Amino acid sequence: MAVSWVPAERTHHFGTSVFTEMTRLAERTDSINLGQGVPELPSPPEILRHAAAAIAAGRNQYPPATGLPELKEAVAGHRFATTGVSYRPEDEVLVTTGATEAVAAALLAFCDPGDAVLALDPCYDAYPAGARMAGARMTTAPLSVTADGFALDPEALRRAVGPRTRVLLLNSPHNPTGKVFTTEELAQIAAVCEEHDLTVVTDEVYEHLVYDGLRHVSLAALPGMRERTLVISSAGKSFNVTGWKIGWACGPAHLVAAVASAKQYLTYATGTPFQAAVAAMLASKTTWVEGLRDDLQRNRDLLREGLRQAGLPALPGQGGYFVQADVRGWGYPDGGRFCRELPLRAGVVAVPTSAFYQSAEAPDWLVRFSFCKDRQVVEEAVRRLVAAR
């Protein structure tokens, strides 16, 4: 007898992503994959030693549901040292299974069915998925695209707030654009949040990977914003341990408690020895991440110059792992088509930026390239792109 089955409506749009498609294309064509932000640079040796020592010492069972006390203390100390915002480790810091779980748990905790989550377009693809699973609608305000990069349009943001908008989801440094929001832009965002009494979830996983002498500013550090803002970050991007999935959320106790109530039924807890290793690394106040930032900036500069020489001028890429390139110089008004043909033409894979847009008015001529790779890989990708011009 045939079985009639369809997935739940909330997952109907969760088909094979463009990232999976491009990765398969890279494998099939033996191309260099600059599409996904999977880092290839080494992790700090000391964090690996800390993890091995914790495993050998038998720290392999469940930690407390909200995280190891030593990691919560280290996170609170780190936040204060880097942003000037103080959090109580015992009830204002929550350890999560990476930043993505923290975002998902926050949307589950903060949104009722029919509520709206507001983000800036384009946005990381997990955001609309998380909103949908929470029963909420994802709405967006577009970032303006200029020759100097992406910019906030504060009036567009204000217009995008509706009667059911409950949460603003902000990402800075921003994926996929590489934008670092200025203090002025953050103040404009804060004004909209206060005007409409919005709860803010801010994803700051690239907080240490900011280039050209710019400085990351947490929205929670602005006047009046700490009490309405949940700040999310993780060890993955800062220490090149994305596979460990150790993240955290910091905020006022009532927001953190709500997120913890949802998180306990998702993963309950995560990676005890990895939590211990991250705690030791944060507490050591190491300068290792500064070296990582400098290496990534050199990779970014190499990739941007190579794209320019190839006739694919790139926007600045002020932070994170990615730069945006204009592909119209190769006669492509459609980034999707460009990315599907690039492996055959140049042996390189990228991702169309339109895949990150919720609006139909996406600038289709933009394509995202990642530079969080071994320098020799970036050099070879540049050689191939220039040769294929």
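Predicted model: local features only at pLDDT ≥ 70, side-chain atom pairs only at ≥ 80, totals over all residues.
## Where α3 meets α11

Let's start with two helices that pack together: α3, covering residues 69-83, and α11, covering residues 272-283. Their axes sit 8 Å apart, at an angle of about 35 degrees, and the crossing is left-handed.

On the α3 side, the residues that take part are E70, L71, A74, V75 and H78. Across from them, α11 brings Q275, A276, V278, A279, L282 and A283. Sort the residues of this contact by type and you get eight nonpolar, two polar and one charged.

## T97, a loop residue

Next up is T97, which you'll find in the loop between β2 (93-96) and α5. Is T97 buried or exposed? It counts as buried, because its relative accessibility is 17% and the cut-off for buried is under 20%.

So who are its partners? Leaving aside residues up to four places away in sequence, T97 touches K245, K263, T267, A269 and T270. With T267 there is also a side-chain link: a polar contact of 2.9 Å joins the two.

After α6 comes G135, with a positive phi near 80 degrees.

Note on methods:
Residues numbered from 1 in each chain as written. Heavy atoms only, no water. Helix = DSSP H or I, 4+ residues; strand = E, 2+ residues; numbered from the N terminus. Buried < 20%, exposed > 50% of the residue type's maximum accessible area, 1.4 Å probe, protein only. Polar contact = N/O pair within 3.5 Å; in protein donor to acceptor, adjacent residues only side chain to side chain. Contact = heavy atoms within 4.5 Å. Axes fitted to C-alpha atoms, helices over the stretch in contact; angles between N-to-C directions. Left-handed = near helix turned anticlockwise from the far one by under 90°. Nonpolar A, V, L, I, M, F, W, Y, C, P; charged D, E, K, R; others polar.
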